Amino acid sequence: QVKCWICSGKGFRLGDERCNHCMGSGIQSCKNCSGLGCQKCNECQGQGQLFFYIQLTVKWESNKFEHIVEQQCGFPTERFSKVTGLKLFHDQQIQVYPIMDFPDSRIQQVSKQGIQEHWTQFGKTSRIIQQRHTVELIPVTEVHFQWKRKDHSYFVYGTENKVHAPEYPGKNCTII
């Protein structure tokens, strides 16, 4: 309700004459809401359905867990990421499960650890859309040779047969 505009909320007009507009109460019903206390919303036109949105930024990223079961040959493990190997196991779906029947128990352990770590790190804060689980056998061959009566070695690795020879004695020679 609002103050009567005729009597300025006093309830009386000139002197003791009661205001006919507000019936002497000094207040009258609001024109906009008819005394109901509500106004028609300009946005939804009184339907009670407002549309709000939250602007969302989606960030797609791939997270990797890699583990190399080393065979103690002295080969630098960072070179494995640059080559491919023979796929021994591959599983891709919404949720992958640890490998249970692999001949090497270390692979089973690392498989379980990797999946558990992935869910712990990303399961609560991100939506995991797809998981891939792969086990590759990357061949590494260490070649021993003598040159000028000194022992040397180099590595041939990956299915691409890349060569790693950091201390190859003949700097002008090319290894095929």
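Guide: Let's start with one word: buried means under 20% relative accessible area, exposed means over 50%, and partly exposed is in between, using a 1.4 Å probe and protein chains only. You're looking at a predicted model, where local features need pLDDT of at least 70 and side-chain atom pairs count only at pLDDT 80 or more, while totals for chains, interfaces and linings use all residues. Residues are numbered from 1 along each chain as its sequence is written, and side-chain values use heavy atoms, with hydrogens and water left out.

Visitor: Okay, let me try that word out. Is Q28 buried or exposed?
Guide: Find Q28 in strand β2; strands are DSSP runs of E with at least two residues, helices are runs of H or I with at least four, and both are numbered from the N terminus. The relative accessible area of Q28 is 12%. That is under the 20% cut-off, so Q28 counts as buried.

Visitor: Which residues does Q28 touch, leaving out those up to four places away in sequence?
Guide: Contact here means heavy atoms within 4.5 Å. With residues up to four places away in sequence not counted, Q28 touches Q1, V2, C4, W5 and H21.

Visitor: Let's zoom out. In what order do the elements run from the N terminus on?
Guide: The protein has 1 helix and 7 strands. Read from the N terminus, the order is β-β-β-α-β-β-β-β.

Visitor: How far apart are the centres of domain 1 and domain 2?
Guide: Domain 1 covers 1–44 and domain 2 covers 62–175, with bounds from an automatic or database domain assignment. Taken over C-alpha atoms, their centres are separated by 83 Å.

Visitor: And how far apart are the C-alpha atoms of N42 and C73?
Guide: N42 lies in the loop between β2 and β3. At 68% relative accessibility, N42 counts as exposed. N42 and C73 are 31 residues apart along the chain, and the separation of their C-alpha atoms is 76 Å.

Visitor: What radius of gyration does the protein have?
Guide: The radius is taken over C-alpha atoms, and the globule rule is 2.2 Å times the number of residues to the power 0.38. A compact globule of 176 residues would come out near 16 Å. The C-alpha atoms of this protein fill a box of roughly 130 × 45 × 25 Å along the principal axes, and the radius of gyration is 40 Å.

Visitor: How much of the accessible surface belongs to carbon and sulfur atoms?
Guide: Of the 176 residues, 22% count as buried. The accessible surface comes to about 14900 Å², by the Shrake-Rupley method with a 1.4 Å probe, where for residues only the protein chains shown count as cover. The carbon and sulfur part of that surface is 49%.

Visitor: Now for the rings. How far is it from F75 to F80, centre to centre?
Guide: Rings of Phe, Tyr and Trp (its six-membered ring) pair if their centres lie within 6.5 Å, with planes under 30 degrees apart called stacked, over 60 edge-to-face and the rest tilted. By this rule there are 4 aromatic pairs. F75 and F80 form a tilted one, with 55° between the planes and a centre-to-centre distance of 5.2 Å.

Visitor: How many residues apart are F75 and Y157?
Guide: F75 and Y157 also form a tilted pair, 4.7 Å centre to centre and 55° between the planes. The pair links distant parts of the chain: F75 sits in the loop between β2 (27–28) and β3 (86–93), Y157 in strand β6 (residues 150–157), and the gap is 82 residues.

Visitor: Which residues do the ring pairs link into a cluster?
Guide: F75 is buried at 5% relative accessible area, and F80 is buried at 16%. The ring pairs link a cluster of F75, F80, F155 and Y157.

Visitor: Over how many bridges do β5 and β6 pair?
Guide: Two strands pair if DSSP finds at least two bridges between them. T141 stands opposite V156 in β6. Strand β5 (residues 140–147) and β6 pair in the antiparallel sense, and the count is 8 bridges.

Visitor: What is the phi of R149?
Guide: R149 is found in the loop between β5 and β6 and, at 82% relative accessibility, counts as exposed. In this hairpin, with 2 residues between the strands, K148 takes a positive phi near 55°. R149, a residue other than glycine, also has a positive phi, near 65°.
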